[in-house]
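Visitor: Could you take me through this structure, please? I would like to begin with its aromatic rings.

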Amino acid sequence: MFAIQAMRQGGPEVLAYNELPDPVPGPGQVLVDVRAAGVNFIDTYRRGGMYPMPFPHIVGSEGAGTVAALGEGVSTVAVGDAVAWHDAPGSYATRVVVAEKSLLPVPDGVDFPTAAAIPLQGLTAQYLATGSHRIEPGQTALIHAAAGGVGLLLTQFVKHLGGRVIGTVSTRQKGDLARAAGADEVFLYGPDVDITATVMDLTNGAGVDVAYDGVGKDTFDASLASLRPRGSMVLFGAASGAVPPFDIQRLNSGGGIFLSRPSLQWFARTPEELQERSDMVFAGLNEGWLDFRVGATFPLAEAADAHRALEGRKTTGKVVLLP
Ligand code: NDP
């Protein structure tokens with residue numbers, strides 16, 4: 001098989017397209033021919049050393065493809081089935097081993113690039129809107145990077161649940177996309193923009209019920225200050241860098257704020273929970289209120305360019321690699 005390996009810790013230049021032996025599925029696992037691999041920010045954190053990893057490692061954890069072989073005891077899928085997954089290490093490859101319990105069936109009519117866009121960001125948007133903070137009708141959510149992969153999906157979930165969305169983006173074109181996804185208010189953030197003052201204006205001084213912040217270092221303070229008393233601060237990523245340690249007393253002076261730092265693994269702890277969340281994601285697709293936008297595709301061999309684009313804020317929606 002061919003795969004993208006991060007040969008050492010570093011920038012996109014450490015990614016190499018290498019020929020490697022096929023992986024072998026063990027008990028409870030399947031071998032999949034990858035038809036599309038999802039690119040996620042976590043892949044860049046692992047490549048760059050923010051999250052400790054052994055090197056070299058095959059990058060990626062998400063994708064969609066067809067089952068090529070079954071490991072011992074596998075009973076819920078057959079060779080040839082179309083499947084998707086969010087947590088199989090080594091997914092930037094032509095073949096990968098996936099745990100049976102992680103497999104999501106790909107519904108008829110959904111193509112592989114779209115199917116690869118669904119698991120990680122779709123499930124993340126679902127748990128952010130229903131688990132980390134449950135959106136109630138009439139609540140207002142601040143969503144940073146609203147035209148990004150998670151941002152566009154989260155905007156649609158909040159709207160579906162009856163909430164109001166204030167989105168931030170870096171360009172007008174991204175603003176148009178966020179609005180098309182349902183955002184009620186969108187503004188351009190940047191070094192010269194007072195995010196908190198803008199949010200307070202847009203909420204008549206009340207502040208938002210929840211701030212969903214996947215940008216991290218550059219927006220965290222403003223997100224915290226934009227909340228209503230007893231609001232929820234959901235820090236779910238670090239696209240601009242990690243938030244430095246901070247004084248817990250600020251949660252008190254900020255109005256008794258609820259702070260969480262979630263990740264998908266804690267909201268898909270059992271096959272049943274994964275199923276329940278993915279059911280809502282696929283229901284959104286079927287019912288037409290959830291649209292997955294594949295913003296860019298790259299050949300697998302050009303994964304480094306995909307990372308450059310994602311880290312360089314050049315992308316919208318989902319980025320997918322095609323083997
Ligand atoms: P996006 O498509 O949202 O890309 C990141 C966006 O962040 C950029 O397009 C950019 O939007 C914005 N951004 C702001 N500042 C920077 C910066 N300095 N460098 C790069 N980007 C910046 O990515 P994803 O949808 O894949 O992920 C969004 C966030 O969600 C990430 O932090 C990721 O780690 C997190 N995540 C967390 C999960 C969890 O369970 N905790 C699961 C999945 C993702 P703009 O140009 O509009 O500013």
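Guide: The count comes to 6 aromatic pairs, where rings of Phe, Tyr and Trp (its six-membered ring) pair if their centres lie within 6.5 Å. This is a predicted model, in which local features need pLDDT of at least 70 and side-chain atom pairs count only at pLDDT 80 or more, while totals for chains, interfaces and linings use all residues. Residues are numbered from 1 along each chain as its sequence is written, and side-chain values use heavy atoms, with hydrogens and water left out.

Visitor: How are the rings of Tyr127 and Phe267 arranged?

Guide: Tyr127 and Phe267 are stacked, at 4.4 Å centre to centre with 10° between the planes; planes under 30 degrees apart count as stacked, over 60 as edge-to-face and the rest as tilted. Tyr127 belongs to helix 3 (residues 119-132), whereas Phe267 sits in the loop between strand 14 and helix 9 (271-287), 140 residues apart. Helices (H or I, at least four residues) and strands (E, at least two) are DSSP runs, numbered from the N terminus.

Visitor: Are Tyr127 and Phe267 buried or exposed?

Guide: Both Tyr127 and Phe267 are buried, where buried means under 20% relative accessible area, exposed over 50%, and partly exposed in between (1.4 Å probe, protein chains only).

Visitor: Which residues have the most contacts inside the largest nonpolar core?

Guide: They are Leu128, Ile135, Ile143, Leu154, Phe157, Val158 and Tyr212, in a core of 42 residues. A nonpolar core is a set of buried Ala, Val, Leu, Ile, Met, Phe, Trp, Tyr and Cys residues joined through side-chain atoms within 4.5 Å. Another core, of 29 residues, lies apart from it, and includes Ala6, Leu15, Leu300 and Ala303.

Visitor: Changing topic, in what order do the strands of the open sheet come?

Guide: The 6 strands follow the order 11-10-9-12-13-14, with parallel pairing; two strands pair if DSSP finds at least two bridges between them. Strand 11 (185-188) and strand 14 (258-260) are the edge strands, each pairing on one side only.

Visitor: And how many bridges join strand 9 to strand 12?

Guide: There are 3 bridges between strand 9 (residues 140-143) and strand 12 (residues 208-213). In strand 12, Ala211 is the bridge partner of Leu142.
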